[in-house]
Amino acid sequence: MSEETAQLSYAGKSYELPVIKGSEEEIGVDISKLRGQSGLITLDVGFKNTGSTTSDVTFLDGEKGILRYRGYSIEDLCEHSSFSEVAYLLINGELPTSEEFDKFQDDISHHTLVHENIRKIFDGFPADAHPMGVLSSLVTSLTAFHPESLDPNRDPKMVDLTIHRLIAKLPTLASWVFKKKLGHPLNYPENKLGYVENFMKMMFGLPTEEYKIDPVLVEAFDKLLILHADHEQNCSAATVRVVGSSQASLYVAIAAGINALWGPLHGGANQAVIEMLEDIHANGGDVDQYIAKAKDPNDPFRLMGFGHRVYKNFDPRAKIIKKHADAVLDKLGIEDPLLEIAKGLEEKALQDEYFQKRKLYPNVDFYSGIIYKAMGFPTEMFTVLFALGRLPGWIAQWKESRNLNQPISRPRQIYTGSPARPYPTK
Ligand code: CMC
């Protein structure tokens, strides 16, 4: 807390409010005691200007286009670290020593199997169910098979075990969803493989053929996971913290995060972008027509993969992904007309006054789908891939909230309904 205070005047009275300064000079006014002192609450629908917590995990500057995990830039992390190291960093606060990293990988690789009875639950889902709904249901069902997770306050070792299980089992569950859609047999994990290699093999391997892991794809996918690993108090991370604040199990807090991510305005945008690009392609590739629709206040259509609540400049993740999209398609020898449409759309939108005035730039989802598609992932799986990357961030946010002993999240409201009225009697 700083020495400074802010003043709020209302109805002839003045209230002094503490000012909180962050390590990057961000300033917040602490209104937590305001209602007690004055009877006033603050109103901020959609939390556009509300800080829900202080946090040591991730820093982002939306004006400058900066994103750092635990102080390290995503550019440096992408260049020097693997996703598993970044997961360790986010969850534990520091990069691991080589011994710590070996132990972390070992802990995770021993929990990749999922209880065979969860498979019976899984069997009940229709093959065309959306993967995100199946994934969140299966993550919730883990509570039934690991009931020691139900009390997150019981034993820190149990919490660690739940964290390892989540990181280990999510790729296995994600691969099940994909395989069922194809009607292929499910693959078991192979613990001697790295995190991404194992996932790729479970996804694309068949019992009938040897699966050759392509290091180019592994490298690109690993980077994509790093870029998605955390994004401070976004919709799903905030959801994880809110659910965690009721002291529910970490599994259900993560399942809630998966559900929040599913929406097209959040992680579901990566699926929506490809659907939009395919639509443009099918309609002759006229990007101007779609830009006009996005600008029309009477048309609900939005340019998917554009705009961000926090970034009012290039999303730094999009910059890195765009480079990788070119490289991956090049290496795979794929010519995807959707990439050309995406580039054309970006160019036109960035020159358009509507987008310039509102500071709408391509976000992380704009190019990621093109890479996922080139790698062979079907569109409906894209948001699952986002969830896989975001998992360590959710865990880090949950853990921080628990360590800070934060109270249950319970916002106030301004009631605008009917005043008390008599019950109609005949
Ligand atoms: N296309 C056209 N107009 C847009 C778009 C867009 N993609 N995004 C925002 N606007 C306009 C919006 O209509 C509004 O205009 P006006 O001031 O004339 O009413 C103005 O820009 C501000 O928009 P907003 O909806 O008030 O901004 P927000 O901060 O509430 O919404 C957003 C942020 C990401 C939900 C929004 O930009 C959007 O819907 N984008 C498309 C979906 C998308 O790509 N989501 C992925 C976000 S990045 C991944 C993640 O972290 O979740």
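Leaving aside its neighbours within four places in sequence, which residues is Leu277 in contact with? I noted down Leu338, Ile341, Ala342, Leu345 and Ile370. I also reminded myself that this is a predicted model.

**Entry: the core.** I next looked up the largest nonpolar core and found that it has 111 residues. Leu277 turned up here again, among the residues with the most contacts inside that core, along with Tyr69, Phe221, Ile254 and Phe377. I jotted a general reminder beside this: in soluble globular proteins, nonpolar side chains tend to be buried together.

**Entry: the ligand.** I then turned to the ligand and found 21 residues around it, of which His266, Arg302, Leu303, Gly305 and Arg309 come nearest. Sorting that shell by kind gave me 10 nonpolar, six polar and five charged residues.

I went on to the polar atoms. Gly305 uses its backbone: an N or O atom there lies 2.8 Å from a ligand oxygen. For Arg309 I looked at the side chain, where an N or O atom is 2.7 Å from an oxygen atom of the ligand. Tyr354 has a polar side-chain atom 2.9 Å from a ligand nitrogen. Taken alone, the ligand exposes 940 Å², and the protein buries 77% of that.

**Entry: the domains.** Last, I checked how the chain is divided: domain 1 covers 5-51 and domain 2 covers 55-408. Their C-alpha centres lie 34 Å apart. Where the two touch, I found five residues of domain 1 in contact with four residues of domain 2.

Technical notes. Residues numbered from 1 in each chain as written. Predicted model: local features only at pLDDT ≥ 70, side-chain atom pairs only at ≥ 80, totals over all residues. Heavy atoms only, no water. Near = heavy atom within 4 Å. Polar contact = N/O pair within 3.5 Å; in protein donor to acceptor, adjacent residues only side chain to side chain. Areas by Shrake-Rupley, 256 points an atom, 1.4 Å probe, with all protein chains shown as cover. Nonpolar A, V, L, I, M, F, W, Y, C, P; charged D, E, K, R; others polar. Core = buried A, V, L, I, M, F, W, Y, C linked by side-chain atoms within 4.5 Å. Buried < 20%, exposed > 50% of the residue type's maximum accessible area, 1.4 Å probe, protein only. Contact = heavy atoms within 4.5 Å. Domains from an automatic or database assignment.
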